[in-house]
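Student: Could you take me through one part of this structure closely, namely how some of its helices pack together? I would like to see the residues that do the touching, too.

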Amino acid sequence: MAKTNPISANPSLLLLIAANLLPVGGVLLWGWSVFEIVALYWFENVIIGAFNVLKMLMAAGEPAGHGGGTPGGSEEMPGYLRKPAQRATGHGIKLFLIPFFTFHYGLFCFVHGMFVFVLLGGSEGGMDMKRSPSDGIGDMISEISLRGGKWFVLAVIISHLFSFFANFIGKGEFRRTSAPALMQAPYGRIVVLHIAILFGAFVIAFLGSPVFLLLLLIAGKIILDAKLHLKSHGKPAETKGNLA
């Protein structure tokens, strides 16, 4: 029997790759520099965080260490009481974790955005580096949106929305993951993906943003994104937290 290609048999992955190909048009048609590309990748992290909040709300799996037990650790509670007690505990955990994640991840993305603006934004003639980094992030978003970046953002939203319904809901991933597991999931993606992206971006910026290297950066991001997507939406027994 012929083996199934994991890419062609995965529509959510194909949509993710298609969305990630849009910056190629940005480089060739709108003259995007490395700063604009990395800034859009930063904005993608904000989108992922928003979807992660939605997933935390929907997650119905048991947190690690709670499998089948009751809030107090007793196995003697009658079955007709155990499930409502577990649901109440799960909702209580979410009431704490979702606001905490929103604040912590939002702060993380804000600092990450200032980092991108300060270290890469100086090469952009349209950016006023005399303004504070926090104001500069707003300028960065407006400027890139006017230069075609809004289409990449829209494509990324559609990609993650499709993955949410096809994988998280349609394949029952929400039943196999918990809010605590999801709270940690986006950070692993940022560390793995953006250290590589920022390292390449500094090299490219130093060399003057040649088109070939910009396209190479985009290709590298697509490959890493595809690997993380496949890992995140692997076999049911492996699914603990989902990124995209």
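Tutor: Let's start with the parts list: the chain has seven helices and zero strands, where helices are DSSP runs of H or I with at least four residues, strands are runs of E with at least two, and numbering starts at the N terminus. Read along the sequence, that gives the pattern α-α-α-α-α-α-α. Please keep in mind that this is a predicted model, in which local features need pLDDT of at least 70, side-chain atom pairs count only at pLDDT 80 or more, and totals for chains, interfaces and linings use all residues. Residues are numbered from 1 along each chain as its sequence is written, and side-chain values use heavy atoms, with hydrogens and water left out.

Now a quick look at the whole chain. Of its 244 residues, 42% count as buried; buried means under 20% relative accessible area, exposed means over 50%, and partly exposed lies in between, with a 1.4 Å probe and protein chains only. The chain exposes about 12,700 Å², and carbon and sulfur atoms supply 71% of that area, computed by the Shrake-Rupley method with a 1.4 Å probe. Among contacts (heavy atoms within 4.5 Å) with a separation of 6 or more, 80% join residues 24 or more positions apart.

Two packed helices are described by the angle between their axes and the distance between the axes. The axes are lines fitted to C-alpha atoms, for helices over the stretch in contact, and the angles run from 0 to 180 degrees between N-to-C directions.

Take α6 (residues 179-206) and α7 (residues 211-232): they pack at an angle of about 170 degrees, with their axes 10 Å apart. That is why α6 is roughly antiparallel to α7; angles over 145 degrees count as roughly antiparallel, under 35 as roughly parallel, 65 to 115 as roughly perpendicular and the rest as oblique. On the α6 side, the contact is made by Arg189, Leu193, Ala196, Ile197, Gly200, Ala201 and Ile204, and on the α7 side by Leu213, Leu214, Leu217, Lys221, Leu224, Asp225 and Leu228. By class, this contact has 10 nonpolar, one polar and three charged residues. Here Ala, Val, Leu, Ile, Met, Phe, Trp, Tyr, Cys and Pro count as nonpolar, Asp, Glu, Lys and Arg as charged, and the others, Gly among them, as polar.

Next, bring in α2 (residues 34-58), which packs with α7 at an angle of about 20 degrees, their axes 10 Å apart. The angle makes α2 roughly parallel to α7. From α2, the contact includes Val34, Ile37 and Tyr41, while α7 contributes residues including Leu214, Leu217 and Lys221. The residues of this contact divide into seven nonpolar, no polar and three charged.

What angle do α2 and α6 make? They pack at about 175 degrees, with their axes 11 Å apart. So α2 is roughly antiparallel to α6. Among the α2 residues in this contact are Val38, Trp42, Ile48 and Met56, and among those of α6 are Ala179, Leu182, Met183 and Ile197. In classes, there are 16 nonpolar, three polar and three charged residues.

Leu97 is found in helix α3 (residues 79-120) and, at 10% relative accessibility, counts as buried. Not counting residues up to four places away in sequence, Leu97 touches Met56, Ala179, Pro180 and Met183. Leu97 and Leu182 are 85 residues apart in sequence, yet 9.9 Å apart in space, C-alpha to C-alpha.

Met58, in helix α2, is partly exposed, with a relative accessible area of 38%. Leaving out residues up to four places away in sequence, Met58 touches Lys94, Phe164, Phe168, Ile169 and Phe174.

Ile141 lies in helix α4 (residues 133-169) and is partly exposed, at 34% relative accessible area. Beyond its neighbours within four places in sequence, Ile141 is in contact with Trp42 and Phe43.
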